[in-house]
Amino acid sequence: MTIDRKKTREQLVEELVQLRRRAESTLDAFISASSLILSVEGDQIRFVKIDAAMPTYFGLDQQSMIGKTLQELAPIIAREYGVLAHRVIQTGEPIHDVDIQGKVPSRGGETVHWRISCFPVPLPDGRQGLGVIGVETTDMKRAEEALRQSNQQFQTICQGMIEGLLITDIETKRFLRVNSPLCRMLGYTEQELLQASVKDIHPPEQVPNDLARFQAAADGHVSINESRPVLRKDGTIFYADITGHRIMYEGRPCLLALFRDITERRKSRMALERERRTLQRMLQASDHERQLIAYDIHDGLAQQLAGAIMQFQVYEQFKDAKPKEAKKAYDGGLALLRQGHSESRRLISGVRPPILDESGVIAAIAHLVHDPAFQHGPTIDFRNRVTFNRLAPVLENVIYRIVQEGLTNARIHSKSKKILLSLLQRRNRLRIEIRDWGVGFNPKVLPENRFGLEGIRQRARLLGGKCTVESTAGEGTTIIVHLPIIQRETSDDQPDTPERQNRRGNGPQ
């Protein structure tokens, strides 16, 4: 409202004091407030009264400024003052807490900031004047700008980090600041995370443990948490290395945590560990196979050869003195040699049958199905629906060994009366199915010394295939293997050597 010109000086002073207090209470920081009275005559704004607290912004003392116009001392400031002055004079209403700025010539053209309050004041000569209470806020503005730039730099650094950054209030456990990488890791927006707390980003069963780790870091202990499970918004889990440091943020004790996503690294490490275990099992299986071959040689071929040697020694001893006894020993030794030859062919066939190299894997499997070892067990129904002719040697060997292992397992363990063996080609994929209707078992629980199924799985995996085993107690077992078909290259064909001719019976015996 318009101030009554009849107000006493004491009333005006009291109003100035109240207005100054109001101005001071609204300032964030100041050294000292200043008050002055201006006369406004058209575009001319002239100093009428200046209090002793007024800093010498214009390079003049207090008395020298009386009567000077603002336009003379600081024309840029005068324009902003002019707008405010005419508004106050015209409306009669005070204006509080307005920020203005201008360049002051006496300070080398430096830009200076003030926060002011303006109100109408009657002058002694009856004219309407302008009362001003103000404080210089230049230093505060500089501090605010430095803080803004610092925050901007901090924000740039935070968003440019690979690690996720999270600042959490130690008392409330709520999040105060996050960066974009952490938002991407967790699948939340920044606004959603700022409404969350520690318990919201960890699996429920891990929350007590993680809260204890949080408190340890908040108490100043070194906090380096490796491979911790972290809960995404969609409920999935990823793993992170988390380091925590106690800091002061916005005047509150907080915990600064950095998250490094190690999910892929963890997967690689686990895959490497699986490969190590697989290699160990494959070596054990290989050693087991060598032991079986050694037992077969010791109990069969070696005994037959030893017996033949003994018979020929008897022949040498009796050939002159006892021709009939010598002839009998000779025939016995020759019979043992023939048995040893058959046994050696059986052993070779068990490791890698010659027919596999000569005629291919289908012929080798057909030969295996009719092996005498399978004649006294379940009936084998062999169904062949493939169109390929020859495959890469390594693939033919893997297919043969998978079928051999599967049939052997079914014959020995299933107690089934029949076995289905099916080979089906679909474009460049081969499907092998070995099924029985026997006792079944739990595929997830196998004795440590049973290498057959594990050998099938690993052979399939090493060639880019997949093996699945389905079994139910009392209903039987089905082994299904999918393999990519790799055709035989010209370089895979071996030269027709005399040894190969001998094996076929086309060369000299």
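In the predicted model, helix H8 runs over residues 207–218 and contains 12 residues. From the first C-alpha of H8 to the last, the helix reaches 16 Å, close to the 16 Å expected at 1.5 Å a residue. The residues of H8 that count as buried are Val207, Asp210, Phe214, Ala217 and Ala218. These residues lie on the same side of H8, because they cover an arc of only 100° around the axis. The spacing in sequence bears on this pattern. An α-helix has 3.6 residues a turn, so residues three or four places apart point the same way. Just after H8, glycine 220 takes a positive phi of about 100°.

Arginine 435 belongs to strand S13, which covers residues 429–436. With a relative accessible area of 33%, arginine 435 is partly exposed, since that class lies between the 20% limit for buried and the 50% limit for exposed residues. When neighbours within four places in sequence are left aside, arginine 435 is in contact with Lys418, Ile419, Leu420, Thr477 and Thr478. Leucine 407 is 28 residues away from arginine 435 in sequence, and the two C-alpha atoms are 9.0 Å apart in space.

Threonine 478, one of the contacts of arginine 435, is located in strand S15 (residues 476–484). Threonine 478 has a relative accessible area of 12% and is therefore buried, as the limit for that class is under 20%. Again leaving aside neighbours within four places in sequence, the contacts of threonine 478 are Glu433, Ile434, Arg435, Thr468, Val469 and Glu470.

For the protein chain as a whole, the secondary structure comes to 15 helices and 15 strands. The chain has 509 residues, of which 39% count as buried. Among contacts between residues at least 6 apart in sequence, 53% join residues at least 24 apart. The accessible surface of the chain comes to about 29,600 Å², and 53% of this surface belongs to carbon and sulfur atoms.

Key: Residues numbered from 1 in each chain as written. Predicted model: local features only at pLDDT ≥ 70, side-chain atom pairs only at ≥ 80, totals over all residues. Heavy atoms only, no water. Helix = DSSP H or I, 4+ residues; strand = E, 2+ residues; numbered from the N terminus. Expected span 1.5 Å × (residues − 1). Buried < 20%, exposed > 50% of the residue type's maximum accessible area, 1.4 Å probe, protein only. Arc of directions from axis to C-beta. Contact = heavy atoms within 4.5 Å. Areas by Shrake-Rupley, 256 points an atom, 1.4 Å probe, with all protein chains shown as cover.
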